[in-house]
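This report covers pockets and charged pairs in one protein model. Please keep the structure open while reading.

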Amino acid sequence: IEKNFNRVVFENDLKWHTWRADNAVAQKNIRETLDWLDHNAIQTRGHCLVWPSWAYLPRDLAALKDDPAALRKRVAEHVTEEVAAYRGRLVEWDVVNEPFTNHVLMDILGDDAMADWFSLARAADPNVKLFLNDYNILSAGGLDLQHQAHYEKTIRFLLDRKAPIGGIGMQGHFAGQLTPPERMLSILDRFAALGLDIEITEFDADI
């Protein structure tokens, strides 16, 4: 890592269904890792605050599905708590992950909830860059048109709501049908028109 990388991301440690502020051992491990990374001038990005599927949320959260006010409060408290816990230590946060296929919280709370989570994250750390993150935008041969259209629509929705989104996260899980370069450039041009930075937030090639 020290030789080959200048930025890292925790794969699971900062995801809500594994992250707990009261887990002393986990918090100690994260702090010590961040200290080592800081010492070696390696930046860290946060992944991810809200992955809105019951499968990726704390198990007890589903008990609040019939109480929208309590559910909204619980998610808001989590976003504020976790971002504040690493304020000034992370350069980026994926605020919402994969909203095309994972949207149970939005189904209950409405899409405006996403804009609220971005605003809460900004209030908890004024300097961290905030991202929306999704897959199959560049990969899958560049042919997942429904996914691409939903992603653009969601980003425009957040911008219209004045959400402090700073970047577009595009996962790069390439397998089987690779995307032709011309198609990839066309997709990137489409999203570049939104005026936000674009990053490949996850990358692998399995062919």
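## Pockets

On a 1 Å grid over the protein atoms alone, a pocket is an open set of points where a 1.4 Å probe fits, with protein on both sides within 12 Å along at least five of seven lines; lining residues have an atom within 4 Å of a point. A volume is the space filled by probe spheres set on the points. The model is predicted, so local features need pLDDT of at least 70 and side-chain atom pairs pLDDT 80 or more, while totals for chains, interfaces and linings use all residues. Residues are numbered from 1 along each chain, and side-chain values use heavy atoms, without hydrogens and water.

The second largest pocket holds about 190 Å³ of space. Among its lining residues are Pro99, Phe100, His150 and Phe157. Helix 5 (residues 145–160) gives the most to this lining, with 4 residues. Helices (H or I, at least four residues) and strands (E, at least two) are DSSP runs, numbered from the N terminus.

The largest pocket holds about 270 Å³. Of the 14 residues that line the largest pocket, Val9, His173, Thr201, Glu202 and Phe203 are the closest to its centre. Strand 6 contributes the most to this lining, with 6 residues. By class, the lining has 4 nonpolar, 3 polar and 7 charged residues. Here Ala, Val, Leu, Ile, Met, Phe, Trp, Tyr, Cys and Pro count as nonpolar, Asp, Glu, Lys and Arg as charged, and the others, Gly among them, as polar.

## Salt bridges

How many salt bridges does a search of the whole structure find? The search finds 13. A salt bridge is a side-chain nitrogen of Lys or Arg within 4 Å of a carboxyl oxygen of Asp or Glu.

One of them joins Lys28 and Glu32, at 2.6 Å from N to O. These two residues are 4 residues apart in helix 1 (residues 24–39), which separates them by about one helical turn. Lys28 is partly exposed, with a relative accessible area of 43%, and Glu32 is partly exposed at 41%. Buried means under 20% relative accessible area, exposed over 50%, and partly exposed in between (1.4 Å probe, protein chains only).

## A buried pair

Asp94 and Arg45 also form a salt bridge, with their closest N and O atoms 2.9 Å apart. Asp94 lies in strand 3 (residues 92–97) and Arg45 in strand 2, so the pair ties together parts that are 49 residues apart in sequence. Asp94 is buried at 0% relative accessibility, and Arg45 is buried at 5%. Both belong to a network of salt bridges that also links Arg7, Glu92 and Glu199.
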